[in-house]
Amino acid sequence: AALKNALRSQVSAALKEGRVTPTELCQRCLLLIKSTKFLNAYITVTEETALKQAEESEERYKRGQPLGILDGIPIAVKDNFNTAGIETTCASKMLKGYISPYNATVVQKLLDQGAVLLGKTNLDEFAMGSGSTDGVFGPVRNPWSYSKQYKEKSVPKSHSEDKESNWVITGGSSGGSAAAVSSFTCFAALGSDTGGSTRNPAAHCGVVGLKPTYGLISRHGLIPLVNSMDVPGILTRCVDDAAVLLGSLAGHDPKDSTTIQDDFKPFELPNLTDVSKLSIGIPKEYNAPGLSSEILALWSKAADLFKNAGAKVVEVSLPHTRYSIVCYHVLCTAEVASNMARFDGLEYGHRSDVKDSTESMYAATRREGFNDVVRGRILSGNYFLLKQNYEKYFVKAQKVRRLIANDFVKVFRSGVDILLTPTTLSDAAPYTEFIQEDNRTRSAQDDILTQAANMAGLPAINVPTALSERGLPVGLQLIGRSFQEKQLLTVAKWFEKQVQFPVIQLEEVKRHDSGVFQHQKSASFS
């Protein structure tokens, strides 16, 4: 089926040969977006713009002049990337109605290569969260909640339990993008990754989630959360597609001084057959409190998979990992406090009706525009940055961050090529269970296995690995050396091939929109 195929090997070839047109592909995706509206994956659907872009792509194919492998490919973008002429909200009342005058560099690069922008995806407000449940537009539902695999294994606690209350979260904060890719409404999506916000939802939604090396992809136009850790993330259905997107997006950007100076050469991933020269590190600190026995067993099984194939598998230590969550909390909130200062109601976004004074309008705007989570992080960050606290918290956290980064350097210098770890502590939690705990507690738990890679600026990828006993996706994480994406993705592709993760069977979509589903069945789902 067209919507399941890999970009490089099949879809792009089908477009070139005329077996499917960009307009047909776009229309199928738009129909699927409508039939899966209950997932709440999209905040804005740009149907008119998308169809126009698809028509322009079709003309290029007719002339035999496609712009590249992404020409005519439907994609989605997380709603914290600026898009010219299209609302950018960060899922917050503060930016409701805000239309950026320019495109983020990554968005512009995709459009320049002919990609078709279907819409903007849902997230936690200002990307602060790990469930995609805290945005002003409501929570995102995990497509696997409606899969045949989950349905067969989930047993209601009581006969009276409403089926609708049994759905599970996507993870976050890029949950909308992960759900969009998982439910076949687009071929790839952009997320952002500050502490795991691309890899976490990728693991819960059964898709590939790549966090590139810090500085490899431009952050220009990504509304900042933590400047020193933010990275645009890539969500696709297979590792090869992640490599295609990376090749299209990476490289120097004069508008972002933190990007690499060298030109980036796109690469095609080789088919790895011999892993005997690889050294795979298993960091013992990632057997963290709260790690489910099911994921621990899967992690061990994956290590054995590499070992049996001839790779050298060694236990390694990253001793400062245990301090990373506390360190991350201090640095994250400090940078959030600084970044959120721009939202004052004076230049753009929400403005309060309070007119007593500039100060009162400013305070009321921020009180009305931000949710409790954002306000809480601003308060924490300003506390850590107080003159009497700066050395004690912020400076000390920066020193610990250096120690965490040095741990990775030492391990890679010892000869280890790739680190293999879990991505999440467990499979996706039911929404009703997830919201029992506050955002800060949940984020601390859910980021524990992913955010150290952000602190060190290293590339990391989630590879969907198996289904849990509940019929939900579980992923494992591979962490590579700085700027060694080709090696990381090559190993990830080999691992992906070995595990043969099953395709989601979205039978439940029939119940929500049987007409559209029946029309799309042959082109979308097995």
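How many residues does helix H17 have, and how far does helix H17 reach from its first C-alpha to its last? Helix H17 (residues 485–499) has 15 residues and reaches 21 Å between those two atoms, close to the 21 Å expected at 1.5 Å a residue, where the expected span is defined as 1.5 Å times one less than the number of residues. The model is predicted, so that local features need pLDDT of at least 70 and side-chain atom pairs count only at pLDDT 80 or more, while totals for chains, interfaces and linings use all residues. Residues are numbered from 1 along each chain as its sequence is written, and side-chain values use heavy atoms, with hydrogens and water left out. Helices (H or I, at least four residues) and strands (E, at least two) are DSSP runs, numbered from the N terminus.

**Helix H17 and its surroundings**

- In H17, the residues Glu-485, Leu-488, Leu-489, Thr-490, Val-491, Ala-492, Lys-493, Trp-494 and Phe-495 are buried, a term that means under 20% relative accessible area, as against exposed at over 50% and partly exposed in between (1.4 Å probe, protein chains only).
- These buried residues of H17 pack against strand E5 (208–211), H8, helix H9 (293–308), strand E9 (418–422), strand E10 (460–467) and strand E11 (473–479).
- Just after H17, Gln-500 takes a positive phi of about 50°.

**Helix pairs**

- Two packed helices are described by the angle between their axes and the distance between the axes; the axes are lines fitted to C-alpha atoms, for helices over the stretch in contact, and the angles run from 0 to 180 degrees between N-to-C directions.
- H9 and H17 pack at an angle of about 105°, with their axes 12 Å apart, and the two helices are therefore roughly perpendicular to each other, given that angles under 35 degrees count as roughly parallel, over 145 as roughly antiparallel, 65 to 115 as roughly perpendicular and the rest as oblique.
- Ala-302, Leu-305 and Phe-306 of H9 make this contact with Val-491, Trp-494, Phe-495, Gln-498 and Val-499 of H17, where contact means heavy atoms within 4.5 Å.
- The residues of the contact of H9 with H17 divide into seven nonpolar, one polar and no charged; Ala, Val, Leu, Ile, Met, Phe, Trp, Tyr, Cys and Pro count as nonpolar, Asp, Glu, Lys and Arg as charged, and the others, Gly among them, as polar.
- Helix H4 (residues 105–112) and helix H8 (residues 239–249) pack at an angle of about 105° with their axes 9 Å apart, and H4 and H8 are therefore roughly perpendicular to each other.
- On the H4 side Val-106, Lys-109 and Leu-110 meet Leu-245, Ser-248 and Leu-249 in H8, and the residues of this contact divide into four nonpolar, one polar and one charged.
- Helix H10 (residues 324–339) and helix H13 (residues 390–413) pack at an angle of about 130°, with their axes 9 Å apart, which makes H10 oblique to H13.
- The contact between them is made by Ser-324, Cys-327, Val-330, Leu-331 and Ala-334 of H10 and by Tyr-393, Phe-394, Ala-397, Gln-398, Val-400, Arg-401 and Ile-404 of H13, and its residues divide into nine nonpolar, two polar and one charged.

- Leu-39 lies in the loop between helix H2 (22–35) and strand E1 (42–45), and at 2% relative accessibility Leu-39 counts as buried.
- Leaving aside neighbours within four places in sequence, Leu-39 is in contact with Pro-139, Val-140, Arg-141, Asn-142, Pro-143, Tyr-146 and Ser-183.
- Arg-442 is found in helix H15 (residues 439–446) and, at 12% relative accessibility, counts as buried.
- Arg-442 and Gly-131 are 311 residues apart in sequence and 8.4 Å apart in space, C-alpha to C-alpha.
- Leaving aside neighbours within four places in sequence, Arg-442 is in contact with Ser-130, Ala-429, Glu-433, Phe-434 and Glu-437.

**Backbone features in loops**

- A cis peptide bond, with omega about 10°, joins Gly-172 and Ser-173, and Ser-173 has its place in the loop between helix H5 (148–153) and helix H6 (175–182).
- Cys-90, a residue other than glycine, has a positive phi near 55°; Cys-90 is placed in the loop between strand E2 (74–78) and H4, and at 1% relative accessibility counts as buried.
- Phe-126 likewise has a positive phi, of about 50°, although it is not a glycine; Phe-126 is placed in the loop between strand E3 (116–121) and H5, and at 4% relative accessibility counts as buried.
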